[in-house]
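Student: Could you help me learn to read a structure, taking one feature at a time?

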Amino acid sequence: MSELDPIGTEKDQALWARLKAGAPANDDARLPAVADEDLVAWLDGRLGPDAAARVEARLAADPQLLNLALDATGALREAATPAPERLVTRARALVGFEAERAAPAGRLLGWFPRWRRGFEIAAVTGAFLVVCATGFSLGGGFQEAYANNGSVEITDFVTATLGDSDLGFLVEQGSQP
Amino acid sequence: MASFDDIDLPALLAGGKREWDRFVAAAAPVIHAVARRVVAAHNGAADEAVDVAQDVFVRLCADDRRLLRTYDPARASMGTWLAVVARSCAVDHLRRRRQTHASLDEVPESAAAFEDRHVERLNVPAGLLTERQALVLKLLYDRDMDVAEVAAFLKVDAQTVRSTHHKAMLRLREHFRIEA
(Lines give C-alpha, C1' and ligand atoms only; values in the text may rest on other atoms or scores of the structure.)
Protein backbone atom coordinates (compact mmCIF):
# COMPACT_ATOMS: atom_id res chain seq x y z
CA MET A 1 0.00 0.00 0.00
CA SER A 2 1.22 3.49 -0.79
CA GLU A 3 2.92 5.53 1.88
CA LEU A 4 1.57 8.75 0.39
CA ASP A 5 -1.95 8.36 1.68
CA PRO A 6 -2.03 5.54 4.19
CA ILE A 7 -5.23 3.64 4.64
CA GLY A 8 -5.93 0.57 6.71
CA THR A 9 -3.72 -0.97 9.33
CA GLU A 10 -0.97 -3.54 9.35
CA LYS A 11 -3.54 -6.04 10.53
CA ASP A 12 -5.64 -5.26 7.49
CA GLN A 13 -2.67 -5.91 5.22
CA ALA A 14 -1.83 -9.11 7.03
CA LEU A 15 -5.40 -10.31 6.67
CA TRP A 16 -5.37 -9.56 2.95
CA ALA A 17 -2.08 -11.43 2.52
CA ARG A 18 -3.54 -14.39 4.39
CA LEU A 19 -6.57 -14.44 2.15
CA LYS A 20 -4.38 -14.43 -0.94
CA ALA A 21 -2.16 -17.24 0.35
CA GLY A 22 -4.99 -19.55 1.23
CA ALA A 23 -6.56 -22.14 -1.05
CA PRO A 24 -9.59 -20.91 -2.93
CA ALA A 25 -12.68 -21.22 -0.82
CA ASN A 26 -14.94 -21.21 -3.79
CA ASP A 27 -14.05 -23.72 -6.50
CA ASP A 28 -16.81 -22.41 -8.65
CA ALA A 29 -15.17 -19.02 -8.85
CA ARG A 30 -14.80 -19.06 -12.61
CA LEU A 31 -15.74 -15.67 -13.81
CA PRO A 32 -17.00 -14.88 -17.27
CA ALA A 33 -14.47 -13.20 -19.52
CA VAL A 34 -14.91 -9.50 -20.14
CA ALA A 35 -14.89 -8.28 -23.72
CA ASP A 36 -12.75 -5.27 -24.51
CA GLU A 37 -15.91 -3.36 -25.47
CA ASP A 38 -17.32 -3.90 -21.98
CA LEU A 39 -14.07 -2.85 -20.36
CA VAL A 40 -13.99 0.33 -22.45
CA ALA A 41 -17.59 1.09 -21.55
CA TRP A 42 -16.79 0.49 -17.87
CA LEU A 43 -13.79 2.81 -18.04
CA ASP A 44 -16.07 5.48 -19.48
CA GLY A 45 -18.68 4.84 -16.78
CA ARG A 46 -21.30 3.81 -19.32
CA LEU A 47 -22.23 0.41 -17.92
CA GLY A 48 -25.24 -0.28 -15.76
CA PRO A 49 -24.73 -1.53 -12.17
CA ASP A 50 -24.95 -5.25 -12.96
CA ALA A 51 -22.64 -5.13 -15.97
CA ALA A 52 -20.23 -2.89 -14.05
CA ALA A 53 -20.17 -5.36 -11.16
CA ARG A 54 -19.24 -8.19 -13.56
CA VAL A 55 -16.36 -6.14 -14.96
CA GLU A 56 -15.16 -5.19 -11.48
CA ALA A 57 -15.28 -8.81 -10.31
CA ARG A 58 -13.15 -9.80 -13.25
CA LEU A 59 -10.76 -6.89 -12.69
CA ALA A 60 -10.27 -7.97 -9.08
CA ALA A 61 -9.47 -11.52 -10.19
CA ASP A 62 -7.60 -11.06 -13.47
CA PRO A 63 -4.24 -9.28 -13.08
CA GLN A 64 -3.73 -8.94 -16.83
CA LEU A 65 -7.11 -7.35 -17.38
CA LEU A 66 -6.36 -5.00 -14.51
CA ASN A 67 -3.01 -4.15 -16.14
CA LEU A 68 -4.82 -3.37 -19.35
CA ALA A 69 -7.29 -1.10 -17.60
CA LEU A 70 -4.60 0.69 -15.59
CA ASP A 71 -2.40 1.19 -18.65
CA ALA A 72 -5.29 2.58 -20.65
CA THR A 73 -6.33 5.08 -17.99
CA GLY A 74 -2.70 6.01 -17.31
CA ALA A 75 -2.07 6.61 -21.00
CA LEU A 76 -5.11 8.86 -21.25
CA ARG A 77 -3.72 10.95 -18.39
CA GLU A 78 -0.32 11.16 -20.10
CA ALA A 79 -1.77 11.99 -23.51
CA ALA A 80 -1.20 15.70 -22.91
CA THR A 81 2.41 15.08 -23.92
CA PRO A 82 2.71 15.54 -27.71
CA ALA A 83 3.76 12.54 -29.75
CA PRO A 84 7.08 12.69 -31.68
CA GLU A 85 6.70 14.47 -35.01
CA ARG A 86 8.18 11.54 -36.93
CA LEU A 87 5.42 9.29 -35.61
CA VAL A 88 2.76 11.76 -36.75
CA THR A 89 4.39 12.10 -40.17
CA ARG A 90 4.68 8.36 -40.69
CA ALA A 91 1.14 7.71 -39.49
CA ARG A 92 -0.30 10.39 -41.78
CA ALA A 93 1.51 8.88 -44.75
CA LEU A 94 -0.27 5.59 -44.17
CA VAL A 95 -3.52 6.80 -45.65
CA GLY A 96 -2.47 9.49 -48.13
CA PHE A 97 -1.46 7.12 -50.88
CA GLU A 98 -4.24 4.67 -50.20
CA ALA A 99 -6.86 7.42 -50.21
CA GLU A 100 -5.67 8.74 -53.53
CA ARG A 101 -5.64 5.30 -55.03
CA ALA A 102 -9.14 4.58 -53.80
CA ALA A 103 -10.51 8.03 -54.60
CA PRO A 104 -14.10 7.65 -55.78
CA ALA A 105 -14.20 7.71 -59.54
CA GLY A 106 -17.10 8.96 -61.58
CA ARG A 107 -19.65 6.65 -63.07
CA LEU A 108 -17.82 6.57 -66.39
CA LEU A 109 -14.48 5.69 -64.80
CA GLY A 110 -15.84 3.48 -62.10
CA TRP A 111 -14.65 0.40 -63.95
CA PHE A 112 -11.16 1.81 -64.45
CA PRO A 113 -9.38 0.10 -61.53
CA ARG A 114 -10.28 -3.35 -62.89
CA TRP A 115 -8.54 -2.56 -66.18
CA ARG A 116 -5.74 -0.56 -64.68
CA ARG A 117 -3.04 -3.15 -65.32
CA GLY A 118 -4.08 -3.58 -68.96
CA PHE A 119 -4.00 0.15 -69.50
CA GLU A 120 -0.55 0.35 -67.99
CA ILE A 121 0.80 -2.33 -70.34
CA ALA A 122 -0.89 -0.72 -73.35
CA ALA A 123 0.52 2.69 -72.46
CA VAL A 124 4.07 1.37 -72.10
CA THR A 125 3.80 -0.57 -75.37
CA GLY A 126 2.42 2.48 -77.18
CA ALA A 127 5.20 4.67 -75.89
CA PHE A 128 7.76 2.10 -77.03
CA LEU A 129 6.27 2.03 -80.53
CA VAL A 130 6.23 5.82 -80.76
CA VAL A 131 9.92 5.97 -79.82
CA CYS A 132 10.78 3.30 -82.43
CA ALA A 133 8.78 5.00 -85.15
CA THR A 134 10.28 8.40 -84.41
CA GLY A 135 13.80 7.04 -84.47
CA PHE A 136 13.15 5.16 -87.68
CA SER A 137 11.68 8.24 -89.36
CA LEU A 138 14.69 10.33 -88.40
CA GLY A 139 16.92 7.64 -89.89
CA GLY A 140 15.23 7.92 -93.28
CA GLY A 141 12.88 4.96 -93.14
CA PHE A 142 12.93 1.68 -95.04
CA GLN A 143 12.13 3.11 -98.46
CA GLU A 144 15.12 5.43 -98.68
CA ALA A 145 17.47 2.87 -97.15
CA TYR A 146 16.53 0.20 -99.70
CA ALA A 147 16.60 2.73 -102.51
CA ASN A 148 20.26 3.43 -101.81
CA ASN A 149 21.26 -0.12 -100.99
CA GLY A 150 21.45 -1.58 -104.53
CA SER A 151 23.40 1.22 -106.23
CA VAL A 152 26.33 1.78 -103.98
CA GLU A 153 29.58 1.66 -105.84
CA ILE A 154 33.11 2.52 -104.91
CA THR A 155 32.97 5.59 -107.09
CA ASP A 156 30.25 7.00 -104.84
CA PHE A 157 32.83 7.33 -102.11
CA VAL A 158 35.65 8.68 -104.26
CA THR A 159 35.15 12.28 -105.03
CA ALA A 160 38.52 12.93 -106.72
CA THR A 161 39.15 11.80 -110.27
CA LEU A 162 41.23 8.64 -110.34
CA GLY A 163 44.51 8.86 -112.18
CA ASP A 164 46.39 5.97 -113.83
CA SER A 165 48.63 5.43 -110.82
CA ASP A 166 45.58 5.18 -108.54
CA LEU A 167 43.92 2.66 -110.81
CA GLY A 168 47.15 0.66 -110.99
CA PHE A 169 47.31 0.61 -107.19
CA LEU A 170 43.76 -0.63 -106.92
CA VAL A 171 44.38 -3.34 -109.50
CA GLU A 172 47.40 -4.48 -107.47
CA GLN A 173 45.28 -4.67 -104.35
CA GLY A 174 42.77 -6.91 -106.13
CA SER A 175 40.06 -4.34 -106.68
CA GLN A 176 38.09 -4.00 -109.88
CA PRO A 177 38.69 -0.73 -111.73
CA MET B 1 -4.09 19.48 -28.76
CA ALA B 2 -6.34 18.00 -31.41
CA SER B 3 -9.61 16.59 -30.14
CA PHE B 4 -11.48 13.44 -31.05
CA ASP B 5 -14.66 15.53 -31.04
CA ASP B 6 -13.62 17.16 -34.32
CA ILE B 7 -13.44 13.88 -36.19
CA ASP B 8 -16.12 12.97 -38.68
CA LEU B 9 -16.22 9.20 -38.17
CA PRO B 10 -18.04 8.27 -41.43
CA ALA B 11 -15.56 10.37 -43.42
CA LEU B 12 -12.68 8.76 -41.56
CA LEU B 13 -13.97 5.27 -42.32
CA ALA B 14 -14.55 6.25 -45.94
CA GLY B 15 -10.84 6.94 -46.27
CA GLY B 16 -10.85 10.72 -46.21
CA LYS B 17 -7.29 11.96 -46.08
CA ARG B 18 -8.19 15.12 -44.18
CA GLU B 19 -10.08 13.13 -41.53
CA TRP B 20 -7.23 10.68 -41.21
CA ASP B 21 -4.81 13.52 -40.59
CA ARG B 22 -7.09 14.91 -37.91
CA PHE B 23 -7.43 11.47 -36.38
CA VAL B 24 -3.66 11.02 -36.32
CA ALA B 25 -3.21 14.38 -34.62
CA ALA B 26 -5.68 13.42 -31.89
CA ALA B 27 -4.70 9.77 -31.56
CA ALA B 28 -0.91 9.96 -31.72
CA PRO B 29 -0.44 11.25 -28.14
CA VAL B 30 -2.73 8.53 -26.72
CA ILE B 31 -1.20 5.72 -28.76
CA HIS B 32 2.33 6.87 -28.06
CA ALA B 33 1.59 7.09 -24.34
CA VAL B 34 0.26 3.53 -24.41
CA ALA B 35 3.31 2.36 -26.37
CA ARG B 36 5.68 4.03 -23.90
CA ARG B 37 3.99 2.25 -21.01
CA VAL B 38 3.97 -1.15 -22.67
CA VAL B 39 7.57 -0.87 -23.84
CA ALA B 40 8.71 0.26 -20.39
CA ALA B 41 6.81 -2.56 -18.71
CA HIS B 42 8.67 -5.06 -20.90
CA ASN B 43 12.08 -3.46 -20.45
CA GLY B 44 12.26 -2.24 -24.04
CA ALA B 45 14.27 0.72 -25.30
CA ALA B 46 12.47 4.05 -25.10
CA ASP B 47 12.75 4.75 -28.83
CA GLU B 48 11.02 1.44 -29.53
CA ALA B 49 7.77 3.14 -28.54
CA VAL B 50 7.58 4.98 -31.86
CA ASP B 51 7.77 1.71 -33.80
CA VAL B 52 5.18 0.15 -31.55
CA ALA B 53 2.87 3.15 -31.98
CA GLN B 54 3.39 3.09 -35.73
CA ASP B 55 2.36 -0.55 -35.80
CA VAL B 56 -0.85 0.36 -33.99
CA PHE B 57 -1.66 2.89 -36.72
CA VAL B 58 -0.92 0.29 -39.39
CA ARG B 59 -3.35 -2.10 -37.75
CA LEU B 60 -6.01 0.56 -37.47
CA CYS B 61 -6.07 1.18 -41.20
CA ALA B 62 -5.32 -2.36 -42.40
CA ASP B 63 -7.94 -4.29 -44.36
CA ASP B 64 -9.94 -1.21 -45.19
CA ARG B 65 -9.83 0.00 -41.57
CA ARG B 66 -11.40 -3.15 -40.22
CA LEU B 67 -10.23 -2.54 -36.65
CA LEU B 68 -11.31 1.08 -36.73
CA ARG B 69 -14.76 -0.01 -37.87
CA THR B 70 -15.26 -1.96 -34.64
CA TYR B 71 -15.44 1.30 -32.68
CA ASP B 72 -18.97 2.01 -31.50
CA PRO B 73 -19.43 5.64 -30.45
CA ALA B 74 -22.60 4.71 -28.60
CA ARG B 75 -20.66 2.55 -26.16
CA ALA B 76 -17.52 4.52 -25.42
CA SER B 77 -15.46 7.57 -26.18
CA MET B 78 -12.93 7.21 -28.95
CA GLY B 79 -10.00 8.09 -26.68
CA THR B 80 -10.76 5.33 -24.19
CA TRP B 81 -11.48 2.80 -26.92
CA LEU B 82 -8.26 3.71 -28.64
CA ALA B 83 -6.22 3.37 -25.44
CA VAL B 84 -7.53 -0.15 -24.83
CA VAL B 85 -7.14 -1.26 -28.44
CA ALA B 86 -3.68 0.29 -28.72
CA ARG B 87 -2.56 -1.46 -25.59
CA SER B 88 -3.60 -4.86 -26.95
CA CYS B 89 -1.93 -4.14 -30.30
CA ALA B 90 1.25 -2.97 -28.58
CA VAL B 91 1.47 -6.11 -26.47
CA ASP B 92 0.97 -8.25 -29.59
CA HIS B 93 3.66 -6.29 -31.41
CA LEU B 94 6.20 -6.82 -28.65
CA ARG B 95 5.31 -10.47 -28.36
CA ARG B 96 5.87 -11.01 -32.09
CA ARG B 97 9.11 -9.08 -32.01
CA ARG B 98 10.45 -11.03 -29.07
CA GLN B 99 9.51 -14.31 -30.72
CA THR B 100 11.30 -13.23 -33.89
CA HIS B 101 14.48 -12.03 -32.26
CA ALA B 102 15.03 -14.48 -29.45
CA SER B 103 14.36 -18.05 -28.61
CA LEU B 104 12.17 -18.64 -25.61
CA ASP B 105 15.13 -19.82 -23.54
CA GLU B 106 16.81 -16.45 -23.93
CA VAL B 107 13.80 -14.48 -22.76
CA PRO B 108 13.51 -13.83 -19.03
CA GLU B 109 10.48 -15.46 -17.52
CA SER B 110 8.99 -12.13 -16.50
CA ALA B 111 9.20 -10.80 -20.06
CA ALA B 112 7.83 -13.98 -21.57
CA ALA B 113 4.78 -13.89 -19.35
CA PHE B 114 2.94 -11.53 -21.64
CA GLU B 115 -0.80 -11.85 -21.42
CA ASP B 116 -1.12 -15.03 -19.48
CA ARG B 117 -4.61 -14.40 -18.31
CA HIS B 118 -5.42 -16.43 -15.26
CA VAL B 119 -7.86 -15.86 -12.51
CA GLU B 120 -6.56 -15.37 -9.01
CA ARG B 121 -8.80 -16.83 -6.43
CA LEU B 122 -9.00 -15.39 -2.97
CA ASN B 123 -9.91 -17.39 0.02
CA VAL B 124 -12.93 -15.22 0.48
CA PRO B 125 -16.37 -16.80 0.49
CA ALA B 126 -18.39 -15.78 -2.50
CA GLY B 127 -20.65 -12.88 -1.76
CA LEU B 128 -18.80 -11.74 1.35
CA LEU B 129 -17.36 -8.73 -0.46
CA THR B 130 -18.96 -6.83 -3.25
CA GLU B 131 -17.09 -6.67 -6.56
CA ARG B 132 -16.25 -3.05 -5.91
CA GLN B 133 -14.91 -3.81 -2.40
CA ALA B 134 -12.71 -6.63 -3.71
CA LEU B 135 -11.37 -4.39 -6.45
CA VAL B 136 -10.61 -1.56 -4.04
CA LEU B 137 -8.66 -3.90 -1.74
CA LYS B 138 -6.81 -5.32 -4.70
CA LEU B 139 -5.76 -1.88 -5.94
CA LEU B 140 -4.75 -0.65 -2.50
CA TYR B 141 -2.87 -3.70 -1.26
CA ASP B 142 -1.65 -5.54 -4.33
CA ARG B 143 -1.05 -2.63 -6.69
CA ASP B 144 0.25 -0.30 -4.03
CA MET B 145 -1.94 2.51 -5.26
CA ASP B 146 -2.86 5.39 -3.00
CA VAL B 147 -6.40 6.51 -2.32
CA ALA B 148 -6.31 9.33 -4.88
CA GLU B 149 -5.12 6.98 -7.63
CA VAL B 150 -7.81 4.45 -6.83
CA ALA B 151 -10.42 7.18 -6.76
CA ALA B 152 -9.29 8.46 -10.16
CA PHE B 153 -9.33 4.99 -11.63
CA LEU B 154 -12.83 4.26 -10.35
CA LYS B 155 -14.04 7.80 -11.05
CA VAL B 156 -15.25 8.30 -7.50
CA ASP B 157 -14.07 10.64 -4.76
CA ALA B 158 -11.40 9.71 -2.25
CA GLN B 159 -13.88 9.51 0.62
CA THR B 160 -15.84 6.85 -1.25
CA VAL B 161 -12.68 4.78 -1.58
CA ARG B 162 -11.98 5.11 2.13
CA SER B 163 -15.53 4.19 2.97
CA THR B 164 -15.49 1.18 0.63
CA HIS B 165 -12.23 -0.02 2.14
CA HIS B 166 -13.52 0.42 5.67
CA LYS B 167 -16.70 -1.55 5.00
CA ALA B 168 -14.76 -4.32 3.24
CA MET B 169 -12.34 -4.75 6.12
CA LEU B 170 -15.18 -4.76 8.63
CA ARG B 171 -16.82 -7.61 6.76
CA LEU B 172 -13.61 -9.59 6.51
CA ARG B 173 -12.70 -9.15 10.16
CA GLU B 174 -16.17 -10.04 11.26
CA HIS B 175 -16.31 -13.09 9.04
CA PHE B 176 -12.98 -14.51 10.10
CA ARG B 177 -13.59 -13.87 13.78
CA ILE B 178 -16.76 -15.93 13.43
CA GLU B 179 -14.97 -18.69 11.54
CA ALA B 180 -11.99 -18.71 13.83
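Student: Where is the kink in α3(B) centred?

Tutor: This is a predicted model, in which local features need pLDDT of at least 70, side-chain atom pairs count only at pLDDT 80 or more, and totals for chains, interfaces and linings use all residues. Residues are numbered from 1 along each chain as its sequence is written, while chains are lettered from A and ligands numbered from 1 in the order in which they are written. A bend is the angle between axes fitted to the seven residues ending at a residue and the seven starting there, and helices are DSSP runs (H or I, at least four residues) numbered from the N terminus. In α3(B) the kink is about 120° and is centred on D63(B).

Student: Which residues of α3(B) are buried?

Tutor: Buried means that 20 or more other C-beta atoms, placed from the backbone, lie within 10 Å of a residue's own. Among those in α3(B) are A53(B), V56(B) and F57(B), and I31(B) is in contact with these three (C-beta atoms within 7 Å).

Student: Which residues have the most contacts inside the largest nonpolar core?

Tutor: In soluble globular proteins, nonpolar side chains tend to be buried together. A nonpolar core is a set of buried Ala, Val, Leu, Ile, Met, Phe, Trp, Tyr and Cys residues joined through C-beta atoms within 7 Å. The largest here has 79 residues, and V30(B) and I31(B) have the most contacts inside it. Helix α2 of chain B gives the most to this core, with 13 residues.

Terms used: Helix = DSSP H or I, 4+ residues; strand = E, 2+ residues; numbered from the N terminus. Buried ≥ 20, exposed ≤ 12 C-beta atoms within 10 Å, placed from the backbone. Contact = placed C-beta atoms within 7 Å. Lists of a residue's contacts leave out its neighbours within four places in sequence.
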